[in-house]
Amino acid sequence: MSGQNYKVAWLCEALLVSRSGYYDWKERRRQPGKRQLENTQLRALIRQEFARSRQTYGSPRLAHVLGCPGRRNRIARLMRQERIFARQRSKYRVATTDSRHGGPIAPNRVRNLSVQQLNQVWATDATGVLTGQGWLYLIAILDVFSRRGPQKESVLTFCTFSLSC
């Protein structure tokens, strides 16, 4: 305040607060209340359990683990104040071939096949990659002769396209 002394009443009037509110605030800063002390202890427990859960538990699960399910909103507020946010699961799960089934498995008829010239046997593969703009599909087409034949030149064609779903 640049070395000048002002009366508390004038300052409270300028800041639109009551004098009793100012003195209550001043006292709370000097000696924290019961709820503030509880919050300090609860914050330490939240950090400990959150680290133990590999940063995956949100406020509902933390409330359950800490044994205070009625305090979910309080725990959520304390987590926000501590800048603690649970890592969310990925929206999409990669769906690959399910090899654990009882059905018949198709034999690989190309493995022992002797390819003598180009354009006899082609192999393909396709995969989808989730990007920020949607799914991007990558398809590879390969002439088997170029991979198994005497020459080591490979004729490989890539096709990419995206679909908006």
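## Close-up views of a predicted model

View 1. E38 is partly exposed, with a relative accessible area of 29%; here buried means under 20%, exposed over 50%, and partly exposed in between, using a 1.4 Å probe and protein chains only. This is a predicted model, with local features needing pLDDT of at least 70 and side-chain atom pairs counting only at pLDDT 80 or more, while totals for chains, interfaces and linings use all residues. Residues are numbered from 1 along each chain as its sequence is written, and side-chain values use heavy atoms, leaving out hydrogens and water. R74 is buried, at 11% relative accessibility. The side chains of R74 and E38 join up in a salt bridge at 3.4 Å, N to O; that term means a side-chain nitrogen of Lys or Arg within 4 Å of a carboxyl oxygen of Asp or Glu. R74 sits in helix α5 (residues 72-81) and E38 in helix α3 (residues 34-52), so this pair ties together parts that are 36 residues apart in sequence. Helices (H or I, at least four residues) and strands (E, at least two) are DSSP runs, numbered from the N terminus.

**View 2. E82 and R43 reach across the sequence.** Another salt bridge pairs the side chains of E82 and R43, at 3.1 Å from N to O. E82 lies in the loop between α5 and β1 (122-131), and R43 in helix α3, 39 residues away, so the pair links distant parts of the chain. Both ends are partly exposed: E82 has a relative accessible area of 28%, and R43 comes in at 22%. R47 joins in too, as R43, R47 and E82 form a network of salt bridges.

**View 3. R52 and E49, a pair inside one helix.** Now look at helix α3 again, where R52 and E49 are three residues apart, about one helical turn. Their side chains form a salt bridge of 2.8 Å, N to O. R52 is exposed at 55% relative accessibility, whereas E49 is buried at 14%. In total, the structure has five salt bridges.

View 4. Setting aside neighbours within four places in sequence, S59 is in contact (heavy atoms within 4.5 Å) with R72, I75, A76 and M79.

**View 5. The largest nonpolar core.** Ten residues make up this core: L42, I46, F50, L62, A63, C68, I75, L78, M79 and I84. A nonpolar core is a set of buried Ala, Val, Leu, Ile, Met, Phe, Trp, Tyr and Cys residues joined through side-chain atoms within 4.5 Å. Helices α3, α4 and α5 each give two or more residues to this core. What does I84 touch, not counting residues up to four places away in sequence? It touches I46, R47, F50 and M79.

**View 6. Stepping back.** The protein has six helices and three strands, running α-α-α-α-α-β-β-α-β from the N terminus on. Of its 165 residues, 15% are buried.
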